[in-house]
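User: I have a model to go through with you. Can you take my questions one at a time?
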Amino acid sequence: MQMQDCLFCRMSRGEIQVEKVAQNEHAFAIRDINPRAPIHCLIIPKVHVDSAREFEWNHTEMLAGVFMLAKDVARVEGVWESGYRLAFNVGDAAGMTVHHLHLHLLGGRMLGPEG
């Protein structure tokens with residue numbers, strides 16, 4: 001399922017052109033436009049799920065695809081060996097600005113504690 005006016009769904013459909021770092025059948029990865037670290041990519045499922053609150057058992061294959069793509073992005077971006085952080089924001093108070101599930105991959109420097 002996709003939403004007509006969702007920014008990430010429009011990217012997935014090709015209506016908005018973006019440079020993809022990597023992709024697989026379940027997700028695509030782009031660089032964050034407001035990076036919080038030298039490496040900050042978003043791994044975005046091709047199907048619309050508002051947030052982790054909406055996870056259902058039928059999302060398991062999609063989630064596996066998201067995490068497998070995160071591994072590929074870590075290699076492509078050169079942080080596989082040094083380490084990186086993976087994080088989902090859930091809801092406005094967590095800083096979620098686009099309500100389409102996406103996984104943040106951050107690295108390229110020593111990362112401090114969150115929260």
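User: Where does Met-96 lie?
Analyst: Met-96 is in the loop between S4 and S5. Strands here are DSSP runs of E with at least two residues, helices are runs of H or I with at least four, and both are numbered from the N terminus. This is a predicted model, where local features need pLDDT of at least 70, side-chain atom pairs count only at pLDDT 80 or more, and totals for chains, interfaces and linings use all residues. Residues are numbered from 1 along each chain as its sequence is written, and side-chain values use heavy atoms, with hydrogens and water left out.

User: Is Met-96 buried or exposed?
Analyst: Met-96 has a relative accessible area of 5%, so it counts as buried. The cut-offs are under 20% for buried and over 50% for exposed, with partly exposed in between (1.4 Å probe, protein chains only).

User: What does Met-96 touch?
Analyst: Leaving out residues up to four places away in sequence, Met-96 touches Asp-50, Ser-51, Asn-89, Val-90, Gly-91, Leu-101 and His-102. Contact means heavy atoms within 4.5 Å.

User: Changing topic. What volume does the largest pocket have?
Analyst: The volume is about 690 Å³. A pocket is an open set of points on a 1 Å grid over the protein atoms alone, where a 1.4 Å probe fits and protein lies on both sides within 12 Å along at least five of seven lines; lining residues have an atom within 4 Å of a point. Points are joined across faces, edges and corners, and the volume is the space filled by probe spheres set on them.

User: Which residues lie nearest its centre?
Analyst: Those are Asp-32, Arg-36, His-40, Asn-89 and His-104, out of 26 lining residues. Two or more residues of the lining come from each of helix H1 (7-13), strand S2 (27-31), strand S3 (39-45), strand S4 (84-88) and strand S5 (103-107). H1 gives the most, with three residues.

User: How many of the lining residues are charged?
Analyst: Six are charged, next to 12 nonpolar and eight polar. Asp, Glu, Lys and Arg count as charged; Ala, Val, Leu, Ile, Met, Phe, Trp, Tyr, Cys and Pro as nonpolar; the others, Gly among them, as polar.

User: How much of the chain counts as buried?
Analyst: The buried share is 39% of the 115 residues.

User: And Pro-45, what does it touch?
Analyst: Pro-45 is found in strand S3 and is buried at 1% relative accessibility. Not counting residues up to four places away, Pro-45 touches His-26, Ala-27, Phe-28, Met-62, Val-66, His-100, Leu-101 and His-102.
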